[in-house]
Structures are given as C-alpha cells and as structure tokens.
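Here is a short report on one predicted model. It covers a strand pairing, a metal site and some annotated residues.

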Amino acid sequence: MAEREKFILCAAFVLPAWDKEPLKDGALLIKDGRIEALGRRDELISRHPGVPVEDLGEVLVFPGLVNAHTHASMTIFRGLADDLPLMTWLHDYIFPVESHLKSEWVYWGAKLAVAEMLRSGVTCFCDMYLFEPWVIRVVEETGVRAALGEGLFDFPSPGYGPLEEGLKLTEELLRSYEAHPRINILVCPHAVYTCSPETLKKARRIAERYGALVHIHLSETEEEVKQCLERYGHRPVAHLKELGLLNERLHIAHAVELTDEEIEELSRAGVSVAHCPESNLKLGSGVARVPEMLAAGVRVTLGTDGPASNNDLDLLSEMRTAALIHKGLRRDPTVLPAREVFRMATEEGARALGFPRCGRLEPGFEADLAVLDLLRPDLTPVHDPLSLLVYSARAGAVSGVMVAGRWLLREGRILTFDEAETRERVLAIAREIRDLVKH
Ligand SMILES: [Zn+2]
C-alpha cells in the first residue's frame, strides 16, 4: 500500500496528539503504514541513515480527524430543503426523495463526500446510510478509513426492501469485512422513533453475535423524547437500557436532550457520544450538554452529521463551532478549550469507532495524518499550532492527507480518484433530484 515501505516525513511543526506539545522541525519515521518513530528532524535523519526523506516544508502535520457521525452520500441533497423542523425536513423532503434512491447516487455522493472530507483533514468517518455496500466500495477505492453500517428501520428500505433483508445484509457485511484493516462494520438501527423495540432487539443480537459496535441517533430533539415517553413510558436512554443496548459498544449521535441522570447512565455504561453542533443548531434542536458529559467521564466525539443538515463536512469548522458555542452558552471562555475539542475530533473519535491505533502520531499508531499549509495569511503567525488548527483553520487549507502510510491528497491534489469526474456525476444526479422534487 505505501509508496515506499520506509520513509521519513519532515515538517515545520508536528503535533503528535491532543495531550502533547507540538514539535518544531519535527519528523516521523513511517514503516509499512505505521509510525515507527517521532522526533526532531535532524535527530531522526541521523539515526536512520539511508532512509528516504520527504520534507513538506512550512506545514503543520497533525493526526487525521475523525468525523464520528455522518451520512456521506447526502452530499447530493445539500441545500435541497433548509430552514425546516427536523420531522418536516425528514418526512416531507428527505424520506420521499430517498424512496427513489439508487446505488449510483449513493456511490457518487459518498465519493464527493470523501473529496470534501479529505480537504478538511479527515482520515476516518462514521457512516450510516442506505445502499451502504456502495459506500464501502468508495472507502475501498479511495483509501480512506471508515466505520459504517446499513441504516435499519421498520418500514421497507429502498436499499434492501423489508427489514429482515437489512439485518441479513448487516450480518453479511460483518462477515465479509471482519479482517479489513480500514473498515469496521457497524450495526445501525436508525433511531428509537423509526425502530420498534423488536427491531432494536434484533439489532442487539447481531451486535452481540459479532462483537460489533452499534450506532444510533438518540435524544436528538424534545419531540423524540416526548414520543418515546408516550409510546414506551420512558425516555430514550432508559428505553435502550431496557432493551439491553446501553453498553460500551454503543455509539450514539446527538444526545442533545439529556438529564443529569441520563448523563451518569451513559458514563457508567461506557457509551460514546457523537456531538454534532452545527446540525443541531441548523435544525434548531438545541445544544448538547458537552461540558457536563465530559465532567461525568462520557467519551465525546465530534461529527458533522449529513451534509444536508449542516451543510458541509468540514470537521475543522465543526471543531471551531464546538469550541465557541459552549463558551457562549456558559458565558465562560475557559469551557471546552481547543485541546479538549481536538481530543474529541481525533483520539476519542478513533476509539469510539473501533480504531484504537488511530488518532495519535506516535510509535505503533497508524500513519493517518493531515497536512495544514501554513503559507497563508489566515494561518500566520504560528504562536500555537493547536490554537491555529481549532480556531483559524478552514477546509481548503489542508494540502495533504495520508491514511495507513499512503498519500490520498498530496500538494492539494487527490491521488486515488478523479475529483472532477465525481463532481460532474453529482451535478447530473442533482438534476434528477430536482426533477423529482418538482413532481
Ligand atoms: Zn444523522
């Protein structure tokens, strides 16, 4: 996979991890897709004579970001219907158009999403959608890393038909990709309002059988909590607990509506949360209680959610939003410091998605990294590389991305697929979609 089995990568700055200081004139020794050593440039070169050196110049190398919740293929719906309540948006726009969904829409939509994510320094993403085998194909072809699963719900899916087929597909994927180095298959019941207790139990049994992670939308809106209380007599967290799903293999998206007791419950059970602040803001759902979750010891990760409810997949801007919004709400500038947000977007995301050897640039870890171009007015000067990354950097300033030692984006160019063709295909799909909406 690696272009060269063993090489040294040098940069003006290397930020090895959220809890480490940046190295000036830093270097990484990469061997067979993994990081073998980290150190000062001169030191590392003299300790490893004869190893090819690649000097990236005035850049900051940092651990690749992890988008811990998205529906990548929904790039094709970006900007289709904005400024609507979640349930109206879903039931009046997204679900009807999705009933016409085709595998090629999913394929090209996901490919465009990968192009967009690479350009914001993302090396790994978590995906729940329909026709997921086509997203998997994109992951295989583009070289990115992902944890993904077919979205499951009670009503028939355009992807697999009746629910039983979706469960079967999930099991097939779990078996086929068991040993894949870059792909983790998830069991993905969509939400408690689209999955009956019986469906959720079936999903749980599959997850138990294969030791798989479960990913679900949970406690996203007040309306969802109200419905859950009316139907089942308790709130979503208690509902999942009763169904045996509340454990360290559960990764929930949103978690906006949580009581103190529910936060304690999530912490005790070892559940991880994907905080999606921009989607929650755009859909007017509120703001998740992240400082409280962190104080209680809940693993919090960061996600963009689908590009139809954000409306982008820029995890750099998501870090900034997360860092800012909680300060404003609390009227306290010390809440959620840049370091904490960077932790959520790197190591915590990687752990929640079942990639414990990602999210840090240290010996033994995967060479999943991104390169930030510092020769820009908005990224000058460099007093503090971490601050620059969280508060100043935007998608587009990332000029390189490597996954498992292989360059996917280099000097601003995507190497593993044709970005222009992908864009053309999505434009054609968008025309089809607009015709559907008109009728
Ligand atoms: Zn979502």
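## Strand pairing

Two strands pair if DSSP finds at least two bridges between them. Helices (H or I, at least four residues) and strands (E, at least two) are DSSP runs, numbered from the N terminus. In β15, M402 is the bridge partner of L369. Strand β15 spans residues 398–403 and runs antiparallel to β14, with 4 bridges joining them.

Strand β14 covers residues 369–373. Strand β5 (residues 59–63) is also antiparallel to β14, joined by 5 bridges. Here L60 has L372 of β14 as its bridge partner. Of the 5 residues in β14, 4 are buried. Buried means under 20% relative accessible area, exposed over 50%, partly exposed in between (1.4 Å probe, protein chains only).

## Basis of the model

The model is predicted: local features need pLDDT of at least 70, side-chain atom pairs count only at pLDDT 80 or more, and totals for chains, interfaces and linings use all residues. Residues are numbered from 1 along each chain as its sequence is written, and side-chain values use heavy atoms, with hydrogens and water left out.

## Zinc site

Which protein atoms are donors of the zinc ion? They are NE2 of H69, H71 and H217, plus OD of D305, at 2.1 to 2.3 Å. Donors are N, O and S atoms within 2.8 Å of the metal (3.2 Å for Na, K and Ca); water is not among the atoms, so sites may look incomplete.

The spacing in sequence is H-x1-H-x145-H-x87-D. H71 sits in the loop between β6 (65–70) and α2 (86–98), and D305 in the loop between β13 (299–302) and α12 (315–330), so this pair ties together parts 234 residues apart in sequence. Relative accessible area is 8% for H71, which is buried. D305 is buried too, at 4%.

## Annotated residues

An unreviewed UniProt entry places "binding site" at E98, H190, E220 and D305. UniProt positions are given in the numbering used here, feature names are shortened, and annotations may be inferred rather than shown by experiment.

E220 lies in the loop between β10 (213–218) and α7 (222–232). Its relative accessibility is 3%, so E220 counts as buried. Contact means heavy atoms within 4.5 Å. Not counting residues up to four places away in sequence, E220 touches L86, Y193, H254, V256, N280, L283 and S285. With neighbours within four places left aside, D305 contacts H69, T70, H71, H254, C276, S279 and L313.
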